[in-house]
Amino acid sequence: MLTKEYRVCMPLTVDEYQIGQLYMISKHSSEQSVGGEGVEVLRNEPDTHPQHGVGQVTEKRVYLSSKLPDWMRRFIPRIFYVTETAWNFYPYTITEYSCSFIPKFNIRIETKFQNDNGESDNVFGGSPTPKDNVCFLDILTDPYPEKHYKKSEDLSSWVSAKTGRGPLVDGWRNSSKPIMCSYKKVHCSFEVYGLQTRTEEFIHKAIRDILLVGHRQAVAWLDDWHGMSLGDVREYEKHLQEETNNKLKNTENKEAAPRPAFSRSISVTDECSLKKMGVRTAAIPDSATSSSSSKSSSCSSMEVSSKGRLNSTPE
């Protein structure tokens, strides 16, 4: 398991960001839901926690096959999603990601929001995060994927007409008023021999990019959501969730007849890797050798002649 703590500051107050966070997540999810991929909301309902009080729980499916690197796509179905479950007891939240196809995959993100510039240590209690694993992210200067850049979201030229804040300049984290920090403790686990380190590092890189883009957008869109009540933003959230779900459904209806989610022959190497992930694989007969006598096989040893070799045909 690889654990890191990310700290992302914004020129907002914690009370303001309760509205801004909901607005940003809804709008960002809608923008990213194109081409049959994106976010499908399964439930969004009130919840109560014995320690943190009244809040909200949401469950989503995040379809992202095309966003994965080629080396990772070799081990997943053509249609792939992760399940996101989030408990929002603002200013404390918990978000978990899981995948039924890969039982040994798990991400857990704890978040606390505080009115400071990110210099508070051990805000989560318990064992503090080692200093080498604490990452400060600067929404003004830190690089992120170029495809997400928009001039209107460039905080070096951004000015809020409603609040008079902006633009941000070098050193803004130590001089901006107001100032708040989003503290995020991210636990990432992918316990598969030979893939663990590479996959966990890829996931943390993806999370870093998402945090930079999302927090930057929350600030850049300040004039869109500032002045909204919690009821207003919940209505906006509901409207965009319905719109986003319809986008995904309409795309599915336009596609050709669906193929099986996992419709390729499996090589010996793939089958071994899948079993290490905890995935059960069905036996796939080889028509070229179906008339010959059956041969026993396992992950550790398989007798296959050169002519009857199983082929992998990744899509």
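These questions and answers set values from a predicted model against the definitions behind them.

The model is predicted: local features need pLDDT of at least 70, side-chain atom pairs count only at pLDDT 80 or more, and totals for chains, interfaces and linings use all residues. Residues are numbered from 1 along each chain as its sequence is written, and side-chain values use heavy atoms, with hydrogens and water left out.

Q: What makes up the secondary structure of the chain?
A: The chain has seven helices and eight strands. Helices (H or I, at least four residues) and strands (E, at least two) are DSSP runs, numbered from the N terminus.

Q: Why is Ser26 called buried?
A: Buried means under 20% relative accessible area, exposed means over 50%, and partly exposed lies in between (1.4 Å probe, protein chains only). Ser26 has a relative accessible area of 8%, so Ser26 is buried. Its place is in helix α1, residues 14-32. Of the 315 residues of the chain, 44% count as buried.

Q: Which residues does Ser26 touch, not counting residues up to four places away in sequence?
A: Ser26 touches Tyr236, Glu237 and Leu240. Contact means heavy atoms within 4.5 Å.

Q: What describes the packing of α1 and α4?
A: Two packed helices are described by the angle between their axes and the distance between the axes. For α1 and helix α4 (residues 196-220), the angle is about 120° and the axes are 9 Å apart. Axes are lines fitted to C-alpha atoms, for helices over the stretch in contact, and angles run from 0 to 180 degrees between N-to-C directions.

Q: Which residues meet where α1 packs on α4?
A: Tyr17, Gly20, Met24, His28 and Glu31 in α1 meet Val213, Gly214, His215, Gln217 and Ala218 in α4. By class, this contact has four nonpolar, five polar and one charged residues. Ala, Val, Leu, Ile, Met, Phe, Trp, Tyr, Cys and Pro count as nonpolar, Asp, Glu, Lys and Arg as charged, and the others, Gly among them, as polar.

Q: What is the strand order of the sheet?
A: The order is β2-β3-β4-β5-β6-β8-β1-β7, an open sheet of eight strands with mixed pairing. β2 (38-49) and β7 (134-137) are the edge strands, since each pairs on one side only. The twist averages 15° from one strand to the next. Helix α1 packs on the sheet, and its direction makes about 145° with that of β6 (105-114).

Q: How many bridges join β1 to β8?
A: Nine bridges join β1 (residues 2-10) to β8 (residues 180-190), and the two run antiparallel. Two strands pair if DSSP finds at least two bridges between them, so nine qualifies. β6 and β8 also pair in the antiparallel sense, over 10 bridges. In β8, Lys184 stands opposite Tyr6 and is the bridge partner of Thr111.

Q: Why is β8 called largely enclosed by the rest of the structure?
A: 11 of the 11 residues of β8 are buried, so β8 is largely enclosed. In a regular strand the side chains alternate between the two faces of the sheet. Both faces of β8 are covered, with buried residues including Met180 and Ser182 on one side and Cys181 and Tyr183 on the other.
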